[in-house]
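Hi,

Here is the structure I said I would pass on to you. Have a look at it first, and then read my notes below.

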Amino acid sequence: MFIWSLIGLVCFFPMLNNFKGGVMAFHKVSKHLQHVRAIQVVEDHRTGYHFQPKHHWINDPNAPMYYKGLYHIFYQYNPKGSVWGNIVWAHSVSEDLINWTPLDPAIEPDKPFDKFGCWSGSATILPNDKPVILYTGVIYENPEPGYEVQNYAIPENHSDPYLKKWIKPDDNPIIKPTKENASAFRDPTTAWKVNGQWEMTIGSKVDMVGISYLYRSPDFIKWTLVDHPLHQKENVGMWECPDFYPVSIRGDKGLDTTVIEGDIKHVFKVSLDSARYDTYTIGKYDTKKDRYIPDEGMIDSWAGLRYDWGNFYASKSFYDPSKHRRIIWGWANESSTEIENVKKGWAGIQLIPRTVWLDSSGKQLLQWPVAELESLREKHMKLSNKVLKQGDKVEVKGITAAQADVDVVFKFRGLDKAEKYDTKWDKLFPPETLAKNICRVMSTTKQGGLGPFGLLTLTSKDFEEYTPVFFRVFNTQDTKHKVLMCSDAMPSTLNHKEYRPSFGGFVDVDLSENKISLRSLIDHSVVESFGAGGKTVITSRVYPTLAVGDKVHLHVFNNGTETVTVEKLDAWSMKKPKMN
Ligand code: DQQ
């Protein structure tokens, strides 16, 4: 016991320094724990319907694709322990993105060109239905994090819809780094075709300049570095897991990566290693200059748009031709300590896959959980026209509140009571953490005007623990109103050693109908919330001590002087799918 506490202390304090944008900095390398196999799987905070293997550590989703009637997801996995290390490409398949069957790992570090790591990458489906995976291999460990090259892998048998066996041909590596970026050169994207050649991009940096190198190939095997990057940006640090794809400007249908012209815009997403979140811009792919150019007004920096304002990283999208949609997968790390992860025998989940499309404003993306998730809904409770005065909390009874899907529309009489936006916040907090800092200082217990109102998820009986997801509307001088959405882990657990960030994001929503919607996917230690139809999304990981299993409650609440009405609330218990 004493030894565990000692290790806990030693590991916990340095870890706090690693929290920058909210989640942990580049995979912490804890060699002494990498081979500590799970002796048990602690169920308390394990998710019921999110993607998880049976045990051990997972991180980035890799090469998602749809092939011969099956969805494939590969992911970074440590088969030997519950911290990052010994990474292989684990592999699962599904008919519906919800029920998953595990297969043997597809790519393992057993060749000179990936001996020290099989890191992230993507799939491209070449003509005649031929998938190819591009991934990063680490070939020396020194200096850390290693010397990174790009490899390819192909299926042994194209007629096998499970794509069980992958071959790593001996002409790998197909791309080597330059001297400048040998240890910051990873995560190749899905390729597209331009001017008769294949192109793809790889994440990198030089000093603090984030770079997305562009590579070109006539045959997918011989790749040459193009003399300019697809995109680059100073003062942002390493760009991991870039993603580059077209979105339609007419409606919500997804597009294959090979679509490069027409009524489209392009999305360029990177995972910011130094800040630990996924940020994107919307812009134009100039096929003549062969460059990506963000639209005017896009913030191309740490303060830019995010898929998710909470615990969400290393995402990857793919085009699903069977339903004409683009889907993104994202990883949510634990925010518990490594020692806790080792003790519980597992770490990391993939969030529910989200359909993604361009908002009609053209200024941001919208995201929504894939429709197939609704097949897990069972017991259904409803509320309608429930009036919430300041201080009211109303319990949503009769469902499994620890494993639920809740969809609610709040209505109010007007915006007159919205409290004044305090401009000193703009001076106090940098733009990239402005929203989350306001959420921290203006928590649910701070009475407001219009808001805070929303959901109290994962609540213990007497409110010792709760994870609130809520809105606050502010009156500002220049724009009409600022809508803030928060997901606050601060009161989520009595275990104050846990990391409990108050995540937040602004919502660019039209309130002229005096309504706003919120959907939360609640699953034991994760709350994924979609504000205003998917305009702002926030994921929190939390570890309650009392609000566990059947002791969990769910409430709607209002702590603003303006009365708020729950116009309509639907809440469902969620079934457990077949999960690996
Ligand atoms: N995780 C992988 C890297 C990637 C990072 C290694 C992002 O390829 O850059 O597990 O989480």
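**What I found**

S361 is partly exposed, with a relative accessible area of 42%. Before I go on, keep in mind that this is a predicted model.

Let's stay with S361 for a moment. You'll find S361 in the loop between β24 (354–358) and β25. What does its side chain touch? There is a polar contact of 2.6 Å between the side chains of S361 and D359, and the S361 side chain also reaches the backbone nitrogen of K363 at 3.0 Å. If you want to see how S361 sits relative to another part of the chain, look at K284: the two residues are 77 apart along the chain, and their C-alpha atoms are separated by 15 Å.

**Two buried side chains**

Is S271 buried or exposed? With a relative accessible area of 0%, S271 is buried, because anything under 20% counts as buried. The side chain of S271 has a polar contact of 2.8 Å with the side chain of D278. A polar atom of the S271 side chain also lies 3.4 Å from the backbone nitrogen of A314. Remember A314, as that residue comes back when we get to the ligand: A314 is among the residues around it.

The other one is N558, in strand β37 (residues 553–558). N558 is buried too, at a relative accessible area of 1%. Which backbone atoms does the side chain of N558 lie by? One is the backbone nitrogen of G560, 2.9 Å from a polar atom of the N558 side chain. Another is the backbone oxygen of E562, at 3.0 Å from a polar atom of that side chain.

**Around the ligand**

Now zoom in on the ligand. The residues that surround the ligand are H27, N59, D60, Q76, W84, W119, S120, R186, D187, E240, Y313 and A314.

- D60 has a polar side-chain atom 2.7 Å from a nitrogen atom of the ligand.
- Q76 has an N or O atom in its side chain that is 2.6 Å from an oxygen atom of the ligand.
- W84 has a polar side-chain atom 3.0 Å from an oxygen atom of the ligand.

**The largest pocket**

How big is the largest pocket? Its volume is about 1,100 Å³. The pocket is lined by 37 residues, and L305, Q364, F506, V507 and D508 are the closest to its centre. The elements that give two or more residues to this lining are β19 (305–306), β25 (365–369), α4 (434–441), β32 (481–488) and β33 (502–507). Of the elements, β32 gives the largest share, with three residues.

What kinds of residue make up the lining? They divide into 17 nonpolar, ten polar and ten charged. And where do they come from in terms of domains? At least three lining residues come from domain 1 (31–46 + 55–369), and at least three from domain 2 (375–574).

**Backbone details to look up**

There are some backbone features to look up as well. Which peptide bonds are cis? One runs from N172 to P173, with omega near -5°. P173 is placed in the loop between β8 (166–167) and β9 (185–186). Another runs from G451 to P452, with omega near 5°, and P452 is in strand β30 (residues 450–459).

D207 has a phi of about 55°, and you'll find D207 in the loop between β11 (197–206) and β12 (209–217). D207 is exposed, with a relative accessible area of 67%. F220 has a positive phi of about 75° and is in the loop between β12 and β13 (224–225). Is F220 buried or exposed? At 2% relative accessibility, F220 counts as buried, whereas D207 is exposed.

Cheers

Note on methods
Residues are numbered from 1 along each chain as its sequence is written. This is a predicted model: local features need pLDDT of at least 70, side-chain atom pairs count only at pLDDT 80 or more; totals for chains, interfaces and linings use all residues. Side-chain values use heavy atoms; hydrogens and water are left out. Helices (H or I, at least four residues) and strands (E, at least two) are DSSP runs, numbered from the N terminus. Buried means under 20% relative accessible area, exposed over 50%, partly exposed in between (1.4 Å probe, protein chains only). On a 1 Å grid over the protein atoms alone, a cavity is a set of points where a 1.4 Å probe fits but cannot get out, and a pocket is an open set with protein on both sides within 12 Å along at least five of seven lines; lining residues have an atom within 4 Å of a point. Grid points are joined across faces, edges and corners, and a volume is the space filled by probe spheres set on the points. Ala, Val, Leu, Ile, Met, Phe, Trp, Tyr, Cys and Pro count as nonpolar, Asp, Glu, Lys and Arg as charged, and the others, Gly among them, as polar. Domain bounds come from an automatic or database domain assignment. A residue is near a molecule or strand if one of its heavy atoms lies within 4 Å of it. A polar contact is a pair of N or O atoms within 3.5 Å; within protein, one must be able to donate a hydrogen and the other to accept it, and residues adjacent in sequence count only if both atoms are side-chain atoms.
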